[in-house]
Amino acid sequence: MKKLIINIVIILMLVLPKAIYTIDTNATKYFPLNVGNTWVFEYKVTYVGVVQTLYKYKSTVLSDTVISSKKYFLISNLRYVTTETALYRVDSVNGAFTKFISCTVDSLGEQSFNSEYRNCTDIFMMKYLEMLSLELFSVPTTSIRISMNVVIPRITKSRYYAKNFGLYSQIEQNNLTRYYHTLIGCVINGVLYGDTGITVNGIVPVNNNVPAEFNLHQNYPNPFNPTTKIRFDVSGTSVAQTFLSVYDILGREVSILVNEKLQPGTYEADFDGSNYPSGIYFYKLTSHNFSAVNKMILLK
């Protein structure tokens, strides 16, 4: 019996490490990049333990593009609380989270302070330090933790990415100050998680009345420069997967304004044409079996 127990222990020692390291760590699953995915964070700054700043900000995958045969995703406010957009991708070979900055060089080496790499590509994750189990928005999942030290300014950063959710926590700290980014809600592949009261994709519920039928209203103002509002009605008795997209005159999709499950009601979505040239655009609403298209004019 004693010999049997010893053999079992030896077998477990040989098998368990392999089981641990065969956990699915595909980086693309920890950074779900699909147009329309949105994350809402609470941002908090503490100085010597006292809260100095507290507010919310949103990060959205706006569109995708191909640069030097590699697919990048245009994301707003992914890592910062300022209003910025940047191109990101996940390298499927080595799992690097890559930010494209200003040129066609796409370095997949270790992060470097060499000016050539700093001016071209900022790789802000190469390897994870540990894997954790957690429950996020009542969904069991796993997360990876990545840490880095920045010499100037002297600060330590830790980021936590959850499988099928993306970045859910980031902590930056020096001797006196700590900066916290905490995920409070998100829309991943059309499914809303977390705080259902958050506003995502610029969608604002107009009223709680259930419309008699689906409808896509004319945007206003029209013509517009640079922003306009698009009102639409979602009918029915249950949540409906709803899409609202904008297309250029050639029929190319240039922006996804709505990609989520909505309760019946009337909504408004904002479209910002600041980064688009003047011209005729079309916006299309699809929900349940309903589909409609309207025309609008961006005039700068």
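Start with the nonpolar surface patch: select I249, L250, I280, I297 and L299, which together make about 470 Å². Patch members have over 30% relative accessible area and no salt bridge; like charges are joined within 9 Å, and nonpolar side chains (Val, Leu, Ile, Met, Phe, Trp, Tyr) within 5 Å. Areas come from the Shrake-Rupley method with a 1.4 Å probe, and for residues only the protein chains shown count as cover.

The model is predicted: local features need pLDDT of at least 70, side-chain atom pairs count only at pLDDT 80 or more, and totals for chains, interfaces and linings use all residues. Numbering runs from 1 along each chain as its sequence is written, and side-chain values use heavy atoms, with hydrogens and water left out.

**Stop 1: I280 and its strand**

Stay on I280. It sits in strand β19, residues 279–287. Strands, like helices, are DSSP runs numbered from the N terminus (strands: E, at least two residues; helices: H or I, at least four). I280 counts as partly exposed because its relative accessibility is 34%. The classes are buried under 20% relative accessible area, exposed over 50%, and partly exposed in between (1.4 Å probe, protein chains only).

**Stop 2: strand β16 and its partners**

Select β16, residues 240–247, and then β17, residues 253–262. These two strands pair in the antiparallel sense over eight bridges. Pairing requires at least two DSSP bridges between the strands. Find F243; opposite it in β17 stands N259.

Follow the chain through the hairpin of β16 and β17. Five residues lie between the strands, and G251 takes a positive phi near 85°.

Now bring back β19. It pairs with β16, again antiparallel, over six bridges. L244 stands opposite L285 in β19.

**Stop 3: T242**

Which strand holds T242? The answer is β16. T242 is buried, as its relative accessible area is 0%. Show contacts, meaning heavy atoms within 4.5 Å. Leaving aside residues up to four places away in sequence, T242 touches F232, V234, V258, N259, E260, L262, L285, T286 and S287.

Zoom in on S287. Its side chain joins that of T242 through a polar contact of 3.1 Å. A polar contact is a pair of N or O atoms within 3.5 Å; within protein, one must be able to donate a hydrogen and the other to accept it, and residues adjacent in sequence count only if both atoms are side-chain atoms.

**Stop 4: the salt bridges**

How many salt bridges does a search of the whole structure find? It finds three. The criterion is a side-chain nitrogen of Lys or Arg within 4 Å of a carboxyl oxygen of Asp or Glu.

Select K229 and D270. Their closest N and O atoms are 3.0 Å apart. This pair links distant parts of the chain: K229 is in strand β15 (residues 227–234), D270 is in strand β18 (residues 265–272), and 41 residues separate them. K229 is partly exposed at 33% relative accessibility. D270 is partly exposed too, at 37%.

Next, select R231 and E268, whose side chains meet at 2.8 Å, N to O. R231 is partly exposed at 28%, whereas E268 is buried at 11%.

Finish with D248 and R252. Their side chains form a salt bridge of 2.7 Å, N to O. R252 counts as exposed at 51%.
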